Amino acid sequence: MCQSIGDFTRGVAAVCAGVGTISCGLLYYGQNYLIYPSAFPPESRTEVPKPDMYGLPYEDVELKTEDGVLLRCYLLTQRKDVNHAYALQIPVNDGMSNDEFAATRPTVLMFHGNGGNLGHRIPLAHVFYTAMRCNVFMLSYRGCLSIDAQTALNYVLANQVLQRTPLILYGQSLGGAVAIHLASRNASKVRALILENTFTALPRVIPHAVPILSPFTFLCHQKWDSASKLPLIPRETPILMLSGERDEVVPPQHMMELWEIASRRQGTMVDDRGRNGGVRVESGGQSGDLNPEVGNGRSSSLWGALDDTFMQMDYWRAVVEFVTSVCA
């Protein structure tokens with residue numbers, strides 16, 4: 001009887017060990033499919049909205065990465081006349097061509113989060129294009145985001161119209177980590193960064209986003225360690241950080257830590273008294289002085305979740321003020 005119990009116990013232990021090993025293997029080798037889902041939400045790889053559905057002129061661009069992958073992109077180049085109710089009106093010389101005008105405007109390179117596709121972010125591009133009159137470059141990327149991002153940057157820098165425009169990287173969630181990585185490797189090419197709800201390092205998000213996988217965090221080989229990359233960006237490069245206080249995936253603490261790192265990098269002072277309509281502003285200036293100017297950086301805490309922070313009242317006001325300042 002005792003021998004039977006012992007055999008049963010060893011059998012159960014062997015099965016558990018086997019299942020655990022298989023599970024660990026699936027997590028390690030299959031994490032790319034978890035981090036970079038190709039079909040979430042459903043049909044996101046077959047139904048991709050286009051800018052002209054929103055009344056925006058655009059060009060389809062296909063880029064080939066160094067490892068032979070084709071990236072689908074949208075290029076929205078500025079024109080002298082933009083017919084929209086809230087379009088920023090800019091005086092233009094009659095003899096100036098559309099390309100010449102576009103060359104005077106900033107360019108926003110957009111990196112979206114891991115869900116959906118580039119078409120789902122066209123409403124955000126619409127605001128940059130009309131309210132701030134920015135050129136906008138959008139790309140769809142796969143798992144090797146660092147190569148994809150560098151390929152997009154190389155294209156912008158080689159484009160005859162865009163190559164001398166102030167370049168602003170805009171990253172949401174995982175896209176924020178991509179933007180930080182790209183800026184840290186191309187510091188002299190990037191004018192400014194706008195980061196929304198991004199994280200210090202991907203393994204630190206796992207216990208909060210997927211608690212059941214907490215014991216296996218050590219298996220995460222996709223690090224995206226923004227906390228170590230951020231100090232490599234020069235203090236002269238302004239950074240705007242926008243954090244949703246109700247983000248259910250990336251705890252706001254991550255953005256707070258990144259802001260502290262950016263502040264030390266920039267040599268700015270933190271003023272906790274700077275509150276206006278739910279927005280905490282931390283920017284350059286003397287200790288204790290309330291400084292509404294953007295300076296070398298700004299951090300805004302908004303009452304928003306992962307997918308609706310950009311819908312908060314003060315979000316676009318902060319973005320417009322920041323872009324206006326860094327491109328003045």
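## Around E321

E321 counts as partly exposed, at 32% relative accessibility (buried is under 20% relative accessible area, exposed over 50%, partly exposed in between, with a 1.4 Å probe and protein chains only). Keep in mind that this is a predicted model, where local features need pLDDT of at least 70, side-chain atom pairs count only at pLDDT 80 or more, and totals for chains, interfaces and linings use all residues. Residues are numbered from 1 along each chain as its sequence is written, and side-chain values use heavy atoms, with hydrogens and water left out.

## The salt bridges

In one, the side chains of E321 and R317 meet at 3.2 Å, N to O. These two sit four residues apart in helix α9 (residues 315-326), so about one helical turn separates them; helices here are DSSP runs of H or I with at least four residues, strands are runs of E with at least two, and both are numbered from the N terminus.

R317 also forms a salt bridge with D314, with the closest N and O atoms 3.2 Å apart. That ties D314, R317 and E321 into a network. As for cover, R317 is partly exposed at 29% relative accessibility, while D314 is buried at 11%.

## The aromatic rings

What does a search for aromatic pairs give? Five of them in the whole structure. One is Y315 with W316, an edge-to-face pair with 5.0 Å centre to centre and 70 degrees between the planes. For the bookkeeping, rings of Phe, Tyr and Trp (its six-membered ring) pair if their centres lie within 6.5 Å; planes under 30 degrees apart are stacked, over 60 edge-to-face, and the rest tilted.

Y315 is buried, at 0% relative accessibility, and W316 is buried too, with a relative accessible area of 16%. Ring pairs also bring in F128 and Y170, linking them with Y315 and W316 into a cluster.

## A negative patch

D52, E59, D60 and E62 form a negative surface patch. Patch members have over 30% relative accessible area and no salt bridge, with like charges joined within 9 Å; Asp and Glu count as negative, and the charge is placed at CG of Asp or CD of Glu. The areas come from the Shrake-Rupley method with a 1.4 Å probe.

E62 lies in strand β1 (residues 59-64) and is exposed, with a relative accessible area of 61%.

Key
Salt bridge = Lys/Arg side-chain N within 4 Å of Asp/Glu carboxyl O. Patch = residues over 30% accessible without salt bridge, like charges linked within 9 Å, V, L, I, M, F, W, Y side chains within 5 Å.
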